[in-house]
Amino acid sequence: MAQLLTRPANHDISAPPIQMEGVSLRYDSTFVLRDITFSLPAGQLVAVVGPNGAGKTTLFRIIAGILRPEAGLVHVYGHKPGGHVCIAYVPQRSQVDWSFPITVKEVVMMGRIRKIGLFRWPNRHDWKYVRHALERVGISALSNQQIGELSGGQQQRVFLAQALAQEAEIVLLDEPLTGLDMPSQEAIFATLDELKREGVAIMVAMHDLNLAAERFDQVMLLNRRLIDFGFPQDVFTRASLLEAYGGNVHLLPEGEGMLIADTCCEGGEEHL
Amino acid sequence: MDEILHWLTQPFSYAFMIRGMWASLIVGVVCPVLGTYVVLRGMAFLGDALAHIILPGVVMAFLLGWPLAAGALLVGVLAALAIGALGRRSEIKQDAIIGVVFAGAFALGVALISMQRSYAVDLAHILFGDLLGVSNDDLWLMAGLGALVLFTVFALYKEFLVISFDPVLATTLRLPVSLLQNILLVLLAIVIVISIQAVGVALVLAMLVTPASTAYLISRRLPSMMLLSAGIGSFSAVLGLYLSFYVNVASGPAIVLVETVIFVLAFALAPRRGALWELLRTRRG
């Protein structure tokens, strides 16, 4: 039955986790993403920022191999993304059916389905992985709860644990911090920092530019085009931010740095 | 005591009642188990449509002298796969297409029946089932197909779970998502064929969604939802058959009515998701 499954792609660890060259995608003749080129090294925590409709979710879906770009090349560890099972993509909370009759540990186990194989049931080794993943994100006590009974921050951590159980080497999180309180955000950052040290490449779509500047190694400023990608202090320049947000961002001189307030996007939803 | 025992055993002094009981138990277990996916994936309309689409297959099999189930299975599986293919073309509104095929096929079936002499009787049997007319051969076929469905649901448990809960995850794990969806549709067609003899084309939907919806109100996990749903389905099948024997109502509708009553009770009283619970919670503030 193994031939029913997609053949796993070659996984060249010497190649960068994610590499894009001239990637474009249109919906109904308008570009959602246009000529995106970048290369992401391993063990980096990257914030992807930009206004609503900037194409953050689309970018993630292309990397995850869910959408295919019209033009350009996408390489994940040196090979097209379609065959890779090393990518964990955690969609926005609004995309999940929280009333589904499923418990926390079962959601986490889903990350291992491909490793377990068709027609097989999870064994003790798999459940150990799940327990370990739940411990790492600090929600072991909730493992038998139905997922709808959890708070927003706990729910987000369930999917982070799923990515851990999957043993993902690339983690894409779509607005995991939206609507979370500070302790929940800190819990997520603690896990992300750990993953980073293990060499996992992490991209986080988000709206809070201050948080992006403070907590991330690199930031990617996106508005259908890739405006800039690099260290926060190099990317968050007045010119680049104006280019990404137009008149919707207020830049205030404050000592040496700037106070950045993204007024249009907090709590907004993005579907493309 | 003896009277109760007599009351309970008396129906089964007839061979047709024993066969009817087995048939309704098979349907009462298999339908609700697959029905959990129908409910969770929002496939109720599709299930109803598929049941009606099968009608011309049944009639043509009858006219050609084939086993009825063979005709139903052929049309059902073809329709399921066609709907699956149409559903993946996003520019077409899927429910409208299903509606067109559903009504057209059903009209064809009724038209074919109306050309026959014993029109009234046979149509009623196909529409509302003929549990007491189940033959031994029918019973073996139902048992075989039912076992196949349960086995597949068991073997592909985690795969069906992930394509139902999180199709995006299924894609990033590179599972064969459309193949799995098609298998689920084919299982749905098989289950409908099994059920037609018991409850008929018009009431198959109840067997698929009512016990599963009841179980949904109570369960927090899919396995318990499946077990509970099968329990409700088989209990309703047995009770419905007794009602049909003693109160002299048609067996298919009797089973469906029992299921509906249980659903209403659960809807009112279920912990957490029930109406009463909701009311108490808002009272307490």
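Into which domains is chain A divided?

## Domains of chain A

In this predicted model, chain A is divided into domain 1, covering 1-86 + 170-179 + 197-267, and domain 2, covering 94-168. Where these domains meet, domain 1 of chain A contributes 10 residues to the contact and domain 2 of chain A contributes 7 residues. On the side of domain 1 of chain A that touches domain 2 of chain A, 9 residues are nonpolar, 1 is polar and none is charged.

## A helix pair in chain B

Two packed helices are described by the angle between their axes and the distance between the axes. In chain B, helix α2 (residues 15-40) packs against helix α12 (residues 204-218) at an angle of about 70°, and their axes are 7 Å apart. Angles of 65 to 115 degrees count as roughly perpendicular, and α2(B) and α12(B) are therefore roughly perpendicular to each other. The crossing of α2(B) and α12(B) is right-handed.

From α2(B), the contact is made by Val27(B), Cys31(B), Pro32(B), Gly35(B), Thr36(B), Val38(B) and Val39(B). The partners from α12(B) are Met207(B), Leu208(B), Val209(B), Pro211(B), Ala212(B), Ser213(B), Ala215(B) and Tyr216(B). Of the residues in this contact of α2(B) with α12(B), 12 are nonpolar, 3 are polar and none is charged.

## Confidence of the prediction

The average pLDDT of chain B is 88, and 95% of the residues of this chain score at least 70. For the model, the scores are ipTM 0.86 and pTM 0.88.

Conventions
Residues numbered from 1 in each chain as written. Chains lettered and ligands numbered in written order. Predicted model: local features only at pLDDT ≥ 70, side-chain atom pairs only at ≥ 80, totals over all residues. Axes fitted to C-alpha atoms, helices over the stretch in contact; angles between N-to-C directions. Helix = DSSP H or I, 4+ residues; strand = E, 2+ residues; numbered from the N terminus. Parallel < 35°, antiparallel > 145°, perpendicular 65-115°, else oblique. Left-handed = near helix turned anticlockwise from the far one by under 90°. Contact = placed C-beta atoms within 7 Å. Nonpolar A, V, L, I, M, F, W, Y, C, P; charged D, E, K, R; others polar. pLDDT = per-residue confidence, 0-100. Domains from an automatic or database assignment.
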